[in-house]
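User: Got a model I'd like to talk through with you, starting with the ligand site and moving on to the charge pairs. Can you take a look?

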Amino acid sequence: MRKFYVVSGDEIEEGKVVDVYFLRTMRILKAKDLASKKVVMEVSARSLPNEEWSWGVLAGVEEVVQLLTGRNVDLYSLRDGDIFMPGMPVMKIEGPYDEFGALETTILGFLCSLSGVATAAAKVKLAAGGKPVVNFGIRRSHPAVSLAFERASLIGGLDGSSGILLEELGINPLGTMPHAMIILFNDPAEAWKAYDEVLPPEIPRVALVDTFYDEKTESLMAAKTLGERLDGVRLDTPFSRRGDFEKIVREVRWELDIRGYKHVKIFVSGGLNEKSVMRLSKAGADAFGVGTYITGARPIDFGMDIVEVEGGPVAKRGVMAGSKDVYVCEDHLTYKVVLTGNSPPRCNVCGKEMVLAYRKFLEGGRLVHKPDDLESARKRVKEVLKKLSCMGRMF
Ligand code: PCP
């Protein structure tokens, strides 16, 4: 009997997460001696979940490399954390169809879900204008994917996440305090004092200030209670009271400042998205906790299509035939897609010869290029997000 109806890593690796029509297809192709035809398949996004968006952030590449290692395929792909546009082949897999064709379900499962999370994270991070954004949303997704989604949100450029399993990746989880704690003390000041007394000094003192009284009242209470030891206040205002959340933030900032508590930061959470984060950042919020919008993000609708069979270009309607390569100008974040074998194109902005955006991760199933570690991917994403912001390509 399966616990929690959760799929194990081994079952994923064995190709057990598969649409039945692929197994039927393999049976038919094998019966007709067509299954081992050499194909090239490309993965491209048909669209982005938000029509205002022009780019997404790719995630799930490391998992696909892991999945295909040991299978007789060549794998070319953008990296985890690279941006992509709809229609751009982010990944290309070459090899006998029966080596990997039925894994399409799993390959897309990794890329669609994790890129959806990474993209939403990047949009919120950009909207925050350089201020810290923490993923508070592991409660919004199935627990079995919580670590994968947290990692994807970090690949998207977030500054931290709340789940303790992150410690496995050498990352300290971040958080403040729940309303439950304050309710059990039945006295916000006693709860904040206990937090300050019991927890080690390296944990920031951020007091939740909206349990029983309004945010201004409780923020001043927290400032009076903890004084210089108070690092910040968290406003998680319930929707029944929210009204003009930006105005509440401005008011709390004003009331703290005129009483000499300029050191107290304002942290906001609860139902935030890229638009409200942008507004609240302008209103004076210093940091953000975002859950649903990131870990409940809509998947990117990547498709995986044959573009070549035994070296000849062929594709279904709506897909451009022929094996292609993606080139990028890293200065201007412009991309071009050309038929494999063509010479590198030039950037429309600076005229410089563009570089191949793909990395060849697998050759004959052997790892020939190691995926970046999380820190390197995050460092790269943050640089790209800064560039996009300077270019005004926020969405
Ligand atoms: C929520 C909890 C989560 C935040 C908000 C994520 O507040 O703090 O971390 O919210 P989102 O998914 O809407 O972005 P509560 O539900 O009040 O939980 P708690 O009392 O533990 O703060």
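User: How far is the backbone N or O atom of G291 from an oxygen atom of the ligand?

Analyst: Quick note before the number: this is a predicted model, where local features need pLDDT of at least 70, side-chain atom pairs count only at pLDDT 80 or more, and totals for chains, interfaces and linings use all residues. Residues are numbered from 1 along each chain as its sequence is written, and side-chain values use heavy atoms, with hydrogens and water left out. For G291, the backbone atom sits from the ligand oxygen at 2.8 Å.

User: How much of the ligand does the protein bury?

Analyst: Taken alone, the ligand exposes 500 Å² (Shrake-Rupley accessible area with a 1.4 Å probe; for residues, only the protein chains shown count as cover). Of that area, the protein buries 78%.

User: Which residue has a polar side-chain atom 2.6 Å from an oxygen atom of the ligand?

Analyst: The shell includes F136, H179 and T292, along with R140 and D236. D236 puts a side-chain N or O atom 2.8 Å from a ligand oxygen. The 2.6 Å distance belongs to R140.

User: How many salt bridges are there by the rule?

Analyst: Side chains of opposite charge can pair when their charged atoms come close. The rule wants a side-chain nitrogen of Lys or Arg within 4 Å of a carboxyl oxygen of Asp or Glu. R79, D82, D372 and R380 are even linked in a network of them. By this rule the count is 28.

User: How many residues apart in sequence are the parts that K125 and D159 tie together?

Analyst: These two form a salt bridge, with the closest N and O atoms 2.7 Å apart. K125 lies in helix α5 (residues 104-127), while D159 is in the loop between α6 (146-155) and β7 (160-161). Helices here are DSSP runs of H or I, at least four residues, and strands are E runs of at least two, numbered from the N terminus. So the pair ties together parts whose separation in sequence is 34 residues.

User: Is K125 buried or exposed?

Analyst: Buried means under 20% relative accessible area, exposed over 50%, and partly exposed in between (1.4 Å probe, protein chains only). K125 has a relative accessible area of 9%, so K125 is buried.

Conventions:
A residue is near a molecule or strand if one of its heavy atoms lies within 4 Å of it. A polar contact is a pair of N or O atoms within 3.5 Å; within protein, one must be able to donate a hydrogen and the other to accept it, and residues adjacent in sequence count only if both atoms are side-chain atoms.
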